[in-house]
Amino acid sequence: MARSLVLFVAFALVLSTATELRGAEMVWSGLVIAENVEQPQPIPPELTRIEQPLKHLFGYNQFQVIGQSRKPLKTGQEDWLATSKFFGLHVNARGESEAGYVLNLKLYKEKELLLETDAKLSRRSPLVIKGPQVGSGQLLLVLVVQ
Amino acid sequence: MKTFEEKWTAWLDGRLSDKELAEFEASLPDKAAAEAEKTEAKKLGALLKRELGAQALLNEEFFNHQIRERIARESTGESRKRGVEVSPWWTIRRLLWTGTASLAVFLVMAIFVMRDKDPVEQSQYLTQILNARVDPVVSPNATISMFETTEDRVTVLWTEGLQSLPSDYAAK
């Protein structure tokens, strides 16, 4: 009985330590152009994890990052911007829950708001947003908790 | 010197010597009545012997009965002793059964709890889109849908009909 109690306490301590270590997490936000080309470039390392679903869902063979931001989240109240020459993705964190972060996302084309969404970004589940058609390709917005 | 009663009893039992028999029978006032009494006494003796023999048989049965009872008591005592000796084994067995039953109950409860919790945990693993909107002036025909690929745990906000842009906008 006492041994079980000690084991339980030790397990709880390990869990709580793991939770504390998880405290500051990095959120990667990217503006990605997806295209079909004859000789596709290797996929950026940030997208390796979701390469297969990206290719399967959107039907493109090349994914290039045209703008990105890597932001460590400590309080869950941070905001940041990932920009390319013409697009800007503004991310405003509005709190942290056990499941992840509540984010407000705004996609701008220069100063024009194209799209706005609120999402609860899970630590284990990337978010992909299909943006406007750009030339023969497609603009994608990707957010991943790293 | 034997008394008359002693001689009478010996005469009835036929244990008088010839001399004593002759003297005793000569002393009897009514030999025929004495002979009749002797015959009756013999009958009575035979009857008693028979009855006493039957009584002895009853006693034997009673004795046997007593022995059987005692054996039965001793057997019960032995089995009780045996019961006391095996009690630790039964205790361990009971403990095993109790442990197994408790584990089974725990597993059943855990399965029920996990079933109840599963949808919540699944939703926690996946990113959720709470709402989405596009500028109706810029993209009046735009539509929005959302879905999740549970295998890859990717949540997708799918837009259609957004304003298309020239390839120059793909610049870094």
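Me: What makes strand S4 (residues 87–96) of chain A and strand S5 (residues 100–109) of chain A a pair?

Reply: The model is predicted: local features need pLDDT of at least 70, side-chain atom pairs count only at pLDDT 80 or more, and totals for chains, interfaces and linings use all residues. Residues are numbered from 1 along each chain as its sequence is written, with chains lettered from A and ligands numbered from 1 in the order in which they are written. Strands (E, at least two residues) are DSSP runs, as are helices (H or I, at least four), numbered from the N terminus. Two strands pair if DSSP finds at least two bridges between them; S4(A) and S5(A) have eight, in the antiparallel sense, and A:Val91 has A:Leu105 as its bridge partner.

Me: How do you know that strand S6 (residues 112–122) of chain A pairs with S1(B)?

Reply: Six bridges join S6(A) and S1(B), also antiparallel. A:Thr117 stands opposite B:Ala132.

Me: Why is the sheet said to have edges at strand S3 (79–83) of chain A and strand S1 (128–134) of chain B?

Reply: The open, antiparallel sheet has the order S3(A)-S4(A)-S5(A)-S6(A)-S1(B). S3(A) and S1(B) each have a single partner strand, so one side of each is left without a neighbour in the sheet.

Me: What makes residues of chain B count as touching chain A?

Reply: Contact requires C-beta atoms, placed from the backbone, within 7 Å. By that criterion, 32 residues of chain B are in contact with 38 of chain A. S1(B) gives the most to this side of chain B, with seven residues.

Technical notes. Two residues are in contact if their C-beta atoms, placed from the backbone, lie within 7 Å.
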